[in-house]
Amino acid sequence: MALDTFTIKGKIVFTITPDTGTTITPVFDYTPFQKAGYRVINEYLEINNLKAVAWIYSVAKVPFPVFELEDTESKQLLTAINLEWKSERIQMDVLITTNEGTNWNRIAAYSLLNSDPYPYREYVLGDHTLGDNAMIGIQMRNVGFGLLQNGNLGSDRVTVYADLVRVVTIEKISDSGIKIANNITTTPSTIMNTNINRTTATLFNSSDKNVFIDVVNTVSTTSHIIKLEPGDYYESPAPIYTGNYWAVVESGSTAIDVREFV
């Protein structure tokens, strides 16, 4: 049967609050793609432009770094790193699992700071290829200064958002079939009429005579695409032909077992 591949794009948005604690939050609730009359062959997932915006009030403010003119690039970098990782902070981990959340592995960590004078801070968490068996999760970690908290100055929160790309390959399946009566003689006759909804067709020669089949009305014992000897079976290949089938028998008349599926 013919395969059809298409892309579905959507947006992911969720917010982590103090109530979340240290619970790992998957970036989205995965529901396998379904479509009536089709079988999913493969579903490939990607998370692009994963970002987080944090409003943090519960830890001490971290001032914007000020550098002297004579500071080297190395010193500036070290100052920025020390502010990032030695200040009061809440750690946000990015994790991945490939077994439906049974075992999560940390792949990145970010410091959530109360940055002064900015009221919030944005974090770029990258692009992640999930394939058909992985999931990304976000977790808050206490590194000595607590987790997200509710306070007089405001409630800590982290809003995560991203683009979700789903590449789906599906195959049309048959949900009904019919038996087609036929009478085959030495004169070409139609044994199956055109049906644009046909998903497959089968032919079984249950007679004791050779039957010759083609997709044109000039079918004969010497010009044909299918020869069914007694006991032979034929199933239409992909891509599915949806037009007429014509047949003749070598002598006399007969009938074969014809099934069409839609």
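A search of the whole structure finds 8 salt bridges, where a salt bridge is a side-chain nitrogen of Lys or Arg within 4 Å of a carboxyl oxygen of Asp or Glu. This is a predicted model, in which local features need pLDDT of at least 70 and side-chain atom pairs count only at pLDDT 80 or more, while totals for chains, interfaces and linings use all residues. Residues are numbered from 1 along each chain as its sequence is written, and side-chain values use heavy atoms, with hydrogens and water left out.

**Stop 1**

Side chains of opposite charge can pair when their charged atoms come close. To see a case, select Lys11 and Asp163, whose closest N and O atoms are 2.8 Å apart in a salt bridge. Lys11 lies in strand S1 (residues 3-16) and Asp163 in strand S12 (residues 157-172), so the pair ties together parts that are 152 residues apart in sequence. Helices (H or I, at least four residues) and strands (E, at least two) are DSSP runs, numbered from the N terminus.

Is Lys11 buried or exposed? Lys11 counts as exposed, at 54% relative accessibility, whereas Asp163 counts as partly exposed, at 23%. Here buried means under 20% relative accessible area, exposed means over 50%, and partly exposed is in between (1.4 Å probe, protein chains only).

Next, select Arg166 and Glu43, whose side chains meet in a salt bridge of 2.5 Å, N to O. This pair links distant parts of the chain, with Arg166 in strand S12 and Glu43 in strand S3, 123 residues apart. Arg166 is buried, and so is Glu43.

Now move to Lys227 and Glu229, which meet in a salt bridge at 3.7 Å, N to O. Lys227 is partly exposed at 41% relative accessibility, and Glu229 is partly exposed at 39%.

**Stop 2: aromatic rings**

How many aromatic pairs does the structure hold? There are 5 aromatic pairs. Rings of Phe, Tyr and Trp (its six-membered ring) pair if their centres lie within 6.5 Å; planes under 30 degrees apart count as stacked, over 60 as edge-to-face and the rest as tilted.

Select Trp55 and Tyr120: their ring centres are 5.7 Å apart and their planes are at 35°, so the pair is tilted. Trp55 lies in strand S3 (residues 38-55) and Tyr120 in the loop between strand S7 (114-116) and strand S8 (121-131), so the pair ties together parts that are 65 residues apart in sequence. Tyr120 is partly exposed, with a relative accessible area of 44%.

Tyr123 counts as buried, at 4% relative accessibility.

The charged end of Arg157 sits over the ring of Trp55, 4.4 Å from its centre; a charge sits over a ring if NZ of Lys or CZ of Arg is within 6 Å of the ring centre and within 35 degrees of the ring normal.

**Stop 3: backbone details**

Most residues other than glycine have a negative phi, and most peptide bonds are trans. With that in mind, look at the peptide bond from Asp116 to Pro117, which is cis, with omega near 15°. Pro117 is found in the loop between S7 and S8.

Asn49 is next: phi of Asn49 is near 55°, a positive value in a residue other than glycine. Asn49 lies in strand S3 and is partly exposed, with a relative accessible area of 42%.

**Stop 4: a loop residue**

Select Asn133, in the loop between S8 and strand S9 (135-141). Which residues does Asn133 touch, not counting residues up to four places away in sequence? Asn133 touches Thr97, Thr98 and Asn99, where contact means heavy atoms within 4.5 Å. Asn133 is partly exposed, with a relative accessible area of 45%. The C-alpha atoms of Asn133 and Ala108 are separated by 20 Å, and these residues are 25 apart along the chain.

**Last stop: helix H1**

Finish with Trp85, in helix H1 (residues 73-86). Trp85 is partly exposed, with a relative accessible area of 37%.
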